[in-house]
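I set out to record in this notebook what I looked up in one structure.

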Amino acid sequence: MPEMTQRQKYDLKRQLEELKRARGRHTELISLYVPPTKQIFDVNSYLKNEFSQSQNIKSKTTMKNVLSAIESIMSRLKQFKQAPPNGIVFFVGHKSSGADKTEMIAYVFEPPLPITTFLYRCDSSFYLEPLQAMLTEKEIYGLLLVDRRECTIGILKGNRIEMLKYMTSQVPGKHGRGGQSQRRFERLTEIAAHEWFVKCGEVASEIFQAEEEIQGILVGGPGPTKQYFVEENYLHYEVQDKIIDTFDTGYTDEFGLRELVSSASDTMTNLKISQEKKLMKRFLKEVTKTEGSLAIYGETHVRKALEMGIADILLLSEDLRRYRIKLLCNSCNYLEWRTIPEDDLEEYELPKCKKCDNSSIMEIEEKIDLIDELSDLAEKTGCKVEIISTGSEEGDSLFSAFDGIAGILRYVVDF
Ligand code: ZN
C-alpha cells in the first residue's frame, strides 16, 4: 500500500475533524464513496434510483433536504468523465446550525489513498470509517515497565504514547530485620515477588494479545528485574516472542513510558518517533547556543525566515490549531492577514478597517489552516517541513515553549 505524506495525513485528519462535527437534524446527510474502477454512468443510475426512492420519505422537510442533496451530487458528478485515480468522495447535506436553522454543505474530494468499495449512506452524520481507516497507524509497539514495586503497560502508535494500565505491588523491600527470621523473610519476599510477576505477566499478555497489530514489545525498568522478568518467561509465549529488547529507565510509571520510547528510539532509528526526536534535539541544541545559533521560533520570526528563503527545516506542532485569515474591507479594498486560534474563529469580532477609517467592518475573505499555509510557504523555497506530535518531551516543548512553530536556518542571520 502506498504511504501518505505527513502533510496528506494532517490534511485528512483535519478534514475528518470538520466532517465529524456536522450533524443533520434527521437522516439527511449523504456520504458517497466512488472507487476508481466504478463507472460514473453507473453511479448516476444508482443516484437516480435513490432519488425516486427518497420521494417516499414521510417528513416533507427531510425529503426536500435529501432530494436536494442527491441533486447536488448528481450535478457535481457531471464534471467527471471517469473517477479520478483514487476515486472520489462526496459529503453533502443540510447540517443543523443552531436553533432552528440548517445549512447546506458539500465536500467533494479525492482521497490520498484509493477507495476500494462503492458506498452510499444517508444518515444523521457522515459516514467516515473508510477515510478514518486510511489514518490507522501501522507502526504499533507494546510498552512494558516492570520492577518489584510498579508495573506500567502502554502502547506506542506512530508517535503517540498511550498508558493502558498501572499497577503497584505489595512486595516488601529486600531488607528484613536480620537475625533468625531473616531467611524466612527473604523466602516470603521471593514468593510475593514471584506472584507479582505472574500477575504482571498475565495482565500484560492479555492487553498485548488484544492488540492485533503489535509489531514488537519494548520492556523497560531500572536495574536487572526486567531482564529476570523476560528470562523467566512471565509473559504468554506469543507475547514473549514479540519482545524486541530491554531498556534501562529510571521510572516504572507513566513517565517511564516516555523514557522507554526515548531510549528505544536511540537504537531503533527507523521509528517514526526517533526521526522527530532527532530533528527536535538538533533544534534544541541550536537554541542553547549563545552565538551563531541557527534556531528560530515563534510565528513572526519563522514567517520572516520563510519569506527570505533562508529556512532549512520548518518544525510545526501537530496540535497548533490556528488559522490564517485574510480580512478585506469592502469599501476601500484594503486587506490584511491575521493569525487566530481555531477556538476564536466562531465568535471572532471582525475589526474595523484602519485604512479608510470610516468604521467599515472588514470581512473574512479566505481562511487557511496555519500549518498548510506555512508548509506551502516553506515548500516554495525548498525548506523541509516536519509536523511534530505532542507526546514526547521534545514535541511538548515545541508546543508549549516555542509557540508550536520553529525552524532551523541554512546559515546564521541576525533578525
Ligand atoms: Zn477600508
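The entries below follow the order in which I looked things up.

**Entry 1. Basis**

I note that this is a predicted model, in which local features need pLDDT of at least 70 and side-chain atom pairs count only at pLDDT 80 or more, while totals for chains, interfaces and linings use all residues. Residues are numbered from 1 along each chain as its sequence is written, and side-chain values use heavy atoms, with hydrogens and water left out.

**Entry 2. Helix H13**

I took helices and strands as DSSP runs numbered from the N terminus (helices H or I, at least four residues; strands E, at least two). Which residues of helix H13 are buried? In H13, residues 393-401, I found Glu394, Gly395, Ser397 and Leu398 buried. These residues lie on the same side of H13, because they cover an arc of only 165° around the axis. The arc is that of the directions from the helix axis to the C-beta atoms. On the face turned away from the buried side, I recorded Glu393 and Ser400 as exposed.

**Entry 3. Helix H10**

I then examined helix H10, residues 299-308, where Glu299, Val302, Arg303, Ala305 and Leu306 are buried. They cover an arc of only 160° around the axis, which puts them on the same side of H10. Thr300 and Glu307 are exposed on the face of H10 turned away from its buried side.

**Entry 4. Salt bridges**

I applied the rule that a salt bridge is a side-chain nitrogen of Lys or Arg within 4 Å of a carboxyl oxygen of Asp or Glu. How many salt bridges does this rule give? The count comes to 27.

I looked up the pair Asp396 and Arg258, whose side chains meet in a salt bridge at 2.7 Å, N to O. Asp396 lies in helix H13 and Arg258 in helix H8 (residues 254-267), so this pair ties together parts that are 138 residues apart in sequence. I read Asp396 as partly exposed, with a relative accessible area of 25%, and Arg258 as partly exposed at 29% relative accessibility.

I also noted a salt bridge between Glu286 and Lys289, with the closest N and O atoms 3.1 Å apart. Is Glu286 buried or exposed? Glu286 counts as buried because its relative accessibility is 11%. Lys289, at 38% relative accessibility, counts as partly exposed.

In a further salt bridge, Asp312 pairs with Lys384, the closest N and O atoms being 3.4 Å apart. This pair links distant parts of the chain, with Asp312 in strand S11 (residues 311-317) and Lys384 in strand S15 (residues 384-388), 72 residues apart. Asp312 is buried, with a relative accessible area of 18%, whereas Lys384 is partly exposed, with 49%.

**Entry 5. The loop between H11 and S14**

Leu350 lies in the loop between H11 and S14. I computed for Leu350 a relative accessible area of 32%, so it is partly exposed. Leu350 and Leu327 are 23 residues apart in sequence and 8.5 Å apart in space, C-alpha to C-alpha.

I placed Glu347 in the loop between helix H11 (342-345) and strand S14 (363-369). Glu347 counts as exposed because its relative accessibility is 74%.

**Entry 6. Positive phi angles**

Which phi does Asn233 have? I found a positive phi of about 55° for Asn233, although it is not a glycine. Asn233 lies in the loop between helix H6 (225-231) and helix H7 (237-240), and is partly exposed, with a relative accessible area of 49%.

Asp403 has a positive phi of about 65° and is likewise not a glycine. I located Asp403 in the loop between H13 and strand S16 (405-409). With a relative accessible area of 32%, Asp403 is partly exposed.

Methods: Buried means under 20% relative accessible area, exposed over 50%, partly exposed in between (1.4 Å probe, protein chains only).
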